[in-house]
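Below is a short note on the model under review. The points are numbered for reference in any reply.

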Amino acid sequence: MSEPFVAAPRQSVRASGWLTVAAAVGLVLVFPIVAHSDYRLYLGTQVAIYLLVAMGLNLLSGYAGQPSLCHGALLAVGGYVTALATTDHGWSFWPAALASMGLTAAAGALIALPAFRVSAWYFALITLAFADVVGGMLVEWGGLTHSFDGVVGIPMPSLLGHTLSAGELFWLVSAVDIACFLMIANLIRGRFGRGFVALRDNEHAARASGISLIGLKMFAFVVSAAITGLAGAFYAVQKTVITPDDFTPDVSIFFLVVVVLGGSGRLWGPLIGTLAFFVVPELLTSLQSWRLLIYGIVLLALMLFAPHGLEGTLRSGWRKLIRPRDALPATAPQAIAAPVGEAGRNGMAVTITGLVKRFGGVTALDNIDLQIEAGSVHAIVGPNGSGKTTMLNMICGFFKPDEGSIRLDATDVVGRATARIARLGVGRTFQTPKLLPELTATANAMLGAYAAERASTVEVAIWAPRAAREHASLSARARYFLGFVGLGDRVNEPAGELPHGQQRLAEIARALMGQPRLLLLDEPAAGLSLSEIDRLGALIRSIAGLGVTVVIVEHHLDLVADICRRVSVLDRGRVLAEGTPDDVFRDPAVVSAYMGVRPLTDAQVPA
Amino acid sequence: MDLDIIPSGLAAGSLYALVAVGFNILYRPTNVFNFAQGDLVMLGAMTGASGMAAGLPWFAALLGAAALVGLIGLAENVVAVAPVVRRSSVSHAWIISTLAYSLIIDNLVGHVWGPDPIRVDPPWPFSVTSFMVGGMRTSSYQLGLIVLTGVMILAIEQFYRTRAGKAVRAVAEDRDAALLRGIDPDALSRWSFFLGAGFAAMTGLLAAPTMYASTQLGPSLLVKGFEAAAVGGIGNNRGALIAGWILGLAEAFGGSVLSPGYQAASTFVLLLVILLIQPRGLFGAPEMRSV
Amino acid sequence: MTARLQVEAIDVGYGHVGVLQQVSVDIPAGSIVALVGSNGAGKSTLLRAISGLLKPSRGRIVLDGADIAGLRPDRIVDAGVLHVAEGRRLFRQQSVADNLELGLYGSRLGRAGEDERYRLVFDLFPILGERRQSRAGVLSGGQQQMLAIAQALMRDPRVLMLDEPSLGLAPVIVDQVLDVIVRLRAAGTTIVLVEQMVERALEIADYAYVLQNGRIAGHGPAATLAASDLVKNAYIGTGHS
């Protein structure tokens, strides 16, 4: 089983993965021979078609977290395009199937554009409305679709003059299933999988890693729709007759149930879900009129008791049974040193002038001027509520300033999207770590390199040598940086299971993966023990040693004094003082801002 | 095109606005958009129709339906929403669990009442008999519905001026801060589910004279109500009223200029265009700081 | 109305992460007790545990002899313990008057009692009376902090817990806020004050506890602590004295 995010030794994933594929091919080859009845063969083909839809839906709803209620309608679009093209217009199956994919993807893209600017639940309802419209149009455009009569006499595909038999159609669809499965497995293993999960579990982390949310959601939907469109083409030729009644709203619900039942966001979920449905066909025929009730109860029970579906339940049961611990040898924590080939980067200079940000009646930042030298470690300190985090949020584009400019080197970034600023080479960590809890520490770190990855979508989908090489090198770099921050022995652990302090370190590793020229750290020392803080100090110094500009918001003044060349003190949204740590922490105004109005006597000043 | 589409569009739009307000009632304290809302409306229409068929006067049937459906909404909160939201307040698992609840209601109602639409008479003194006024064909019930919807939505808005209503808005804005002021969000959620479902039942019985009571009502009103809520800005009841009317008119216009089959498509296209320009709807609240 | 609040050896954690360990604090009736310590030491967590937002896994929280640990937050408010959270957590979309009214939610004061509370807070914070129709979100930071305190005062608290009331405020406003706290003590309210302006807090407090890494690192009369290194070390860290 090759679930790429779950801790497992790398080599055996490969081996068992290929073994599984070989087993699947074997099963597919023999099935038509042993099926013994046309009905079983028909059913087998149907399973294979439904599996295709379920895999497409799982990509969008399970991984990318965008629940779709229109996959039945997309299936209809795909089915009708092929059906009409091959009957009324005399196309052969192959271009018709391509047209099915293209038109379905286009329909998906059209509704996705407005839908993806809003929450996931909007998306669900918009897809529901879309399904409603498609259902209406199948009848309304009777001149094209033959209305309730449907399309009859859809021919079997033929190849080189040979018309496929039912068994050969089964082989064809199954081959597409296997190809699609491998493609999705590859996409998920590559940067898209990490990006999808980031869309689902933490959009802030996604944006800070340079991911354009709408672009990636659109990609997930278009791929998902195209797969469903292809399934529609097969559906049409298998049934030979399609009518609007084949595509009632229940069909969309059915696919959702299949995905949730199997395990949403799990690679094997769709297969398990689809098979589970066909293992009990008798039950479903005798209880036909109670079908929706059964769907409802199954969905509700799953959401309450098994949110990861059968796959998740089986897997956790299996884990409990055999309790495998990390089979990978724990990497010894590495000595902190600049990684090979990482040094000598040009740090980015930050120039902030006249920056103002208001929230309602409160001026959070009031005319800030700040110059951060390229390649320096610059601290921003100040009492709680003085505007430090707001400042970081403005630099990386989460908030737009009301006035003033922020220049990174010579580029004015005011008004740019966070993802675009991140791509300039701006990495950041958050006060509360924003990791993807289900992914391993390595996968989380690799997310940071999202925008830097060069392998094209197609190369990732077929796991071309370049994609494989890039994956291997990124994965090695991720492990390297995890070692660099001191997490060398936890690389395979799900990030959600790391203690808080280590999650912060994993975030630093993620930021470093983006090869930042400017790194923004928001209270990295909060909640760390004294020895961990010392280690953090050494780490930040080595990061600075790479040439990266580091801006750190921090309360531990020891640490700040230790590592920073310059300190800016914010108080109530203004720069109260700026200079070397020694000078600044002796400034009576600073001491009073921190400790109260009475300045400390000389003897009490930290030095 | 004739002018009849104006009263009929506004009357249909009023119903969409009422469904949207039902969504908002639940959404405000819970941040859950109830996918079973359409079926609660439908159930209200069915139980109300049965009540009237059993000889109950309209108003008694209305109260009975509202109480019954209110309890079913309360049960939804207990079974399908509270446990899912408690496990993770950020995930969207509630989309699937409320959808599941809607399937259960839909299927059960289908078995109890059967597939045939039930005709429901409007309450005295209204009638669906049409007459002409100002060149438009309308009925006293259509006009009454339009006025009543406006009144009901203003009344709901008045409720949000009471202390309980302010508490609901407080929970929507900052749940923890509300907890610290002694407001119990769980109790408010339960009340909101009860009242929101009761409101849905009322909407259903009001819809029945023009749309008939049938299981078909649920899914279509779910979509139309969502469109009105989204166009008006989620949580904004007055926005929902205006959006409902706009959608009702667009639907009637599309249906009249093209053909009735284009009704759903007209509102859907309008929705997409508006969301493309204004993702938070025409009257939506601006986004708050979230990092 | 005043009350004594005792926290007895509580443990509190988020998930697997223990934040407070064996924390005991005694807050005598009618006094100001300051909780000091660096960021992340657990001060806010302690307040959240007392007000019921977090459930202690061990230990008792006793208000005038009754254990209130683990009660729902609204029950704890009913018992008279009010918590003004860090960061001026108001209902920004609603008016000043509505925010004050929300402070009365669930109270059984009656019309006259409620009017009395309004008179009291407008007397303490005249500016709120002037701006009662403004949306809370457009108030200045100082006004928002006053409103947050006033909102809690509407319930006539026996114990008032303030988390970082000086946060982001100008010194002259901080003076006003601290002055109000002293007046509240004079009226008999028990006060728990979490404050990063340690010196200012210790000036007005009767007694103080120092938290470090989720434990009580020390406690004593405020004046004594102000003179000791303990507090400074807890804030600035060690090694720089």
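1. Basis and numbering. This is a predicted model, in which local features need pLDDT of at least 70 and side-chain atom pairs count only at pLDDT 80 or more, while totals for chains, interfaces and linings use all residues. Residues are numbered from 1 along each chain as its sequence is written, and chains are lettered from A and ligands numbered from 1 in the order in which they are written.

2. Confidence in chain A. pLDDT is the predictor's confidence in each residue, from 0 to 100. Chain A has a mean pLDDT of 85, with 90% of its residues at 70 or more. Helices (H or I, at least four residues) and strands (E, at least two) are DSSP runs, numbered from the N terminus. Among the elements of chain A, the highest mean pLDDT, 96, belongs to helix α3 (residues 71–87) of chain A, and the lowest, 63, to helix α13 (residues 281–286) of chain A.

3. Two residues are in contact if their C-beta atoms, placed from the backbone, lie within 7 Å. Over residues 1–12 of chain A pLDDT stays under 50, and the model has 22 contacts beyond four places in sequence for them. Residues 597–607 of chain A also have pLDDT under 50, with 21 contacts beyond four places in sequence. Where pLDDT is low, the predicted coordinates should not be read in detail.

4. Chain B overall. Eleven helices and two strands make up the elements of chain B, in the order α-α-α-α-β-β-α-α-α-α-α-α-α from the N terminus on. The C-alpha trace of chain B spans about 60 × 45 × 35 Å along its principal axes. For 291 residues, a compact globule would have a radius of gyration near 19 Å, and chain B agrees with its 19 Å; the radius is taken over C-alpha atoms, and the globule rule is 2.2 Å times the number of residues to the power 0.38. A residue is buried if 20 or more other C-beta atoms lie within 10 Å of its own, exposed if 12 or fewer, and partly exposed in between, with C-beta atoms placed from the backbone. By that count 59% of the 291 residues of chain B are buried. Of the contacts in chain B with a separation of 6 or more, 74% are between residues 24 or more positions apart.

5. Chain B against chain A. Here 35 residues of chain B are in contact with 39 residues of chain A. On the chain B side, the elements that give two or more residues are α3 (58–87), α4 (93–113), α9 (217–232) and α11 (263–277) of chain B. The largest share, twelve residues, comes from α4(B). This side of chain B divides into 27 nonpolar, five polar and three charged residues. Ala, Val, Leu, Ile, Met, Phe, Trp, Tyr, Cys and Pro count as nonpolar, Asp, Glu, Lys and Arg as charged, and the others, Gly among them, as polar.

6. Helix α4(B). Gly114(B), with a positive phi near 80°, follows α4(B).

7. Gly38(B). This residue is found in helix α2 (residues 37–53) of chain B. Gly38(B) is buried because 28 other C-beta atoms lie within 10 Å. Not counting residues up to four places away in sequence, Gly38(B) touches Ser102(B), Gly218(B), Pro219(B), Leu221(B), Leu222(B) and Gly225(B).

8. Chain C. Ten helices and ten strands are present in chain C, and 53% of its 241 residues are buried. Chain C meets chain B through 22 residues of chain C in contact with 15 residues of chain B. On the chain C side, the elements giving two or more residues are α2 (73–78) and α3 (96–103) of chain C. That side divides into seven nonpolar, seven polar and eight charged residues.

9. Nonpolar cores. A nonpolar core is a set of buried Ala, Val, Leu, Ile, Met, Phe, Trp, Tyr and Cys residues joined through C-beta atoms within 7 Å. The largest has 299 residues, and Leu52(A) and Ala509(A) have the most contacts inside it. A second, separate core of 89 residues includes Leu5(C), Leu54(C), Leu90(C) and Val194(C).
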